[in-house]
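Work through the exercises below with the model open. Try each task before reading its solution.

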Amino acid sequence: MKKVGLLAVLAAGALAIAGCGKTAKTIDAEALAGRLVEEIAYEDTLELVDEDTVSMSMTVPEGVSSIMYMGSGSTAEEVGVFTAPDKETAAETMEEVKVFLDDQADAFEDYIPEETKRVGNAVLEQKENYVILCVSGDPDAAKEIIEEAFQ
């Protein structure tokens with residue numbers, strides 16, 4: 001009887017450990033960024049910028065790849081999808097993007113004050129190893145597109 005109980009406990013433990021090994025969902029970051037740019041209406045024209053340009057605007061942790069679309073500067077509109085090697089680095093990236101958004105809000109406060117509301121309504125989410133940023137006039141649409149990408 002003790003052996004059967006021990007086997008049941010071991011089996012339950014093995015199942016619990018197996019459940020912890022869930023693999024992170026992989027998405028097409030470029031496709032997600034493209035959908036955010038194409039399916040949401042923007043006042044500005046967003047252009048894809050290279051990673052060097054991104055690194056001039058914000059600190060991106062080592063090993064993180066970025067796809068970012070930025071406007072002309074006449075609005076705060078932008079889209080970014082950052083792919084980190086792990087959740088911890090994604091969390092660091094999230095913090096850096098928050099600093100970037102704070103800087104944007106400060107800059108637009110003096111330059112174009114009405115844009116600070118758009119920055120304040122930015123969609124910024126960490127989903128597993130990804131950080132997604134969308135500054136637009138339609139945060140609900142952005143949230144919906146992001147959710148669809150991770151289903």
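**Exercise 1.** Classify Tyr111: is Tyr111 buried or exposed?

Solution. Tyr111 has a relative accessibility of 55%. Buried means under 20% relative accessible area, exposed over 50%, and partly exposed in between, with a 1.4 Å probe and protein chains only. Tyr111 therefore counts as exposed. Phe108, at 5%, is buried.

The model is predicted: local features need pLDDT of at least 70, side-chain atom pairs count only at pLDDT 80 or more, and totals for chains, interfaces and linings use all residues. Residues are numbered from 1 along each chain as its sequence is written, and side-chain values use heavy atoms, with hydrogens and water left out.

**Exercise 2.** Find the aromatic pairs and state how many there are.

Solution. Start with the rule. Rings of Phe, Tyr and Trp (its six-membered ring) pair if their centres lie within 6.5 Å; planes under 30 degrees apart are stacked, over 60 edge-to-face, and the rest tilted. The count is two aromatic pairs.

- Phe108 and Tyr111: the centres are 5.9 Å apart and the planes are at 45°, so the pair is tilted. Both residues sit in helix α4 (residues 87–111), three residues apart, about one turn of the helix. Helices here are DSSP runs of H or I with at least four residues, strands are runs of E with at least two, and numbering starts from the N terminus.
- Tyr130 and Phe150: the centres are 5.7 Å apart and the planes are at 65°, so this pair is edge-to-face. Tyr130 lies in strand β5 (residues 130–135) and Phe150 in the segment after α6 (139–149), 20 residues apart; the pair links distant parts of the chain. Both Tyr130 and Phe150 are buried.

**Exercise 3.** Trace the open sheet: what is the strand order?

Solution. Two strands pair if DSSP finds at least two bridges between them. The five strands run in the order β1-β2-β3-β5-β4, with antiparallel pairing. β1 (47–49) and β4 (123–127) are the edge strands, each pairing on one side only. Met70 has Glu78 in β3 as its bridge partner.

**Exercise 4.** Which residues does Val119 contact, leaving aside neighbours within four places in sequence?

Solution. Locate Val119 in helix α5 (residues 115–120). Contact means heavy atoms within 4.5 Å. With those neighbours set aside, Val119 contacts Ala76, Leu101, Gln104, Ala105 and Val135.
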